[in-house]
Amino acid sequence: MLNGFKDFILRGNVVTMAIGLAVGSAFTAVVTGFSKAFITPLIGLATGSVGDFSEAKFTIGKTDFPYGLAIAAAIAFVITAAVLYFLIVVPMTKIQEKFAKEEAKDPKAEKRDCPRCFTEIPAIASRCAHCTSEVEPVSAVEPVALGLEKIPVAR
C-alpha cells in the first residue's frame with residue numbers, strides 16, 4: 001500500500017506539477033506585491049482617492065464593503081494573466097510551431113469527380129474505382145510534392 005503511494009508521489013508528472021505550483025504561487029506573490037505597491041496607488045491617485053485604492057470601501061449601516069480589495073485582486077489577476085500569456089504562452093506556441101513536423105500529405109486526400117460517372121475519386125487516380133473508366137490524373141498534383149516520386153503515375 002505504501003509502495004503504491006511512493007510510486008505515485010515519485011512520478012515525474014506529480015513532481016513537475018508540484019514545482020509548477022510552487023513557482024506559480026511565488027509568481028503570484030510578486031505580481032500581487034507589484035500591483036499593491038504601484039498599480040493600486042496610481043489608480044487611487046487617478047480617481048482622487050488618497051493613498052492606497054485597495055482600502056476604498058463604502059458602508060451600509062454598520063457593515064463595511066471593501067470594494068477596493070476586489071478591484072485590486074482583479075487588477076492583480078489581469079496582470080498575472082497578461083504576463084503569463086505574453087511571456088510564456090505566446091513564445092511556447094511559436095517554439096512549438098517552429099519545431100512541429102509537417103505531416104506528410106496524403107495523396108488520396110485531394111479529391112475530384114470522375115468525368116464519366118461523377119463519383120468522387122482521388123486526384124492522382126488514373127482509373128475510376130466505380131465505373132473503371134480511364135481518367136487523366138490532375139496535373140496540379142505533382143507526385144514529388146506528395147512524396148510519391150517512386151510511384152509511377154499512368155498518363
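Is Phe65 buried, partly exposed or exposed? Phe65 counts as partly exposed, at 37% relative accessibility. The close-ups below are taken from a predicted model.

**Figure 1. Aromatic pairing at Phe58 and Phe65.** Over the whole structure, the search finds 3 aromatic pairs. In the pair shown here, the ring centres of Phe58 and Phe65 lie 5.1 Å apart with their planes at 20°, so the pair is stacked; planes under 30 degrees apart count as stacked. Phe58 has a relative accessible area of 39% and is partly exposed. Phe65, at 37%, is also classed as partly exposed. Ring pairs join Phe58 and Phe65 with Tyr67 in a cluster.

**Figure 2. The ring pair of Tyr85 and Phe86.** The ring centres of Tyr85 and Phe86 are 5.0 Å apart and the planes meet at 80°, so this pair is edge-to-face. The cut-off for that class is over 60 degrees. Tyr85 is partly exposed, at 43% relative accessibility. Phe86 reaches 55% and counts as exposed, because exposed means over 50% relative accessible area.

**Figure 3. Salt bridge between Lys57 and Asp64.** The structure holds 2 salt bridges. In the one formed by Lys57 and Asp64, the closest N and O atoms are 3.6 Å apart. Asp64 is partly exposed, its relative accessible area being 41%.

**Figure 4. Salt bridge between Arg127 and Glu134.** The side chains of Arg127 and Glu134 meet at 3.0 Å, N to O. Glu134 has a relative accessible area of 55% and is exposed. Arg127 is partly exposed, with 45% relative accessibility.

**Figure 5. Arg112, a buried residue without a salt bridge.** Arg112 is found in strand 3, which spans residues 111–113. Although Arg112 is buried, it has no salt bridge. The nearest side chain of opposite charge belongs to Glu136 and is 8.0 Å away, whereas a salt bridge requires the nitrogen and the carboxyl oxygen to be within 4 Å. The side chain of Arg112 does reach the backbone oxygen of Glu136, at 2.9 Å. A polar atom of the Arg112 side chain also lies 3.5 Å from the backbone oxygen of Ala123. Not counting residues up to four places away in sequence, Arg112 touches Thr119, Glu120, Ile121, Pro122, Ala123 and Ala125, together with Val135, Glu136, Pro137 and Val138.

Definitions and conventions. Residues numbered from 1 in each chain as written. Predicted model: local features only at pLDDT ≥ 70, side-chain atom pairs only at ≥ 80, totals over all residues. Heavy atoms only, no water. Helix = DSSP H or I, 4+ residues; strand = E, 2+ residues; numbered from the N terminus. Buried < 20%, exposed > 50% of the residue type's maximum accessible area, 1.4 Å probe, protein only. Lys, Arg positive; Asp, Glu negative; His and termini not counted. Polar contact = N/O pair within 3.5 Å; in protein donor to acceptor, adjacent residues only side chain to side chain. Contact = heavy atoms within 4.5 Å. Phe/Tyr/Trp six-rings, centres within 6.5 Å; stacked < 30°, edge-to-face > 60°.
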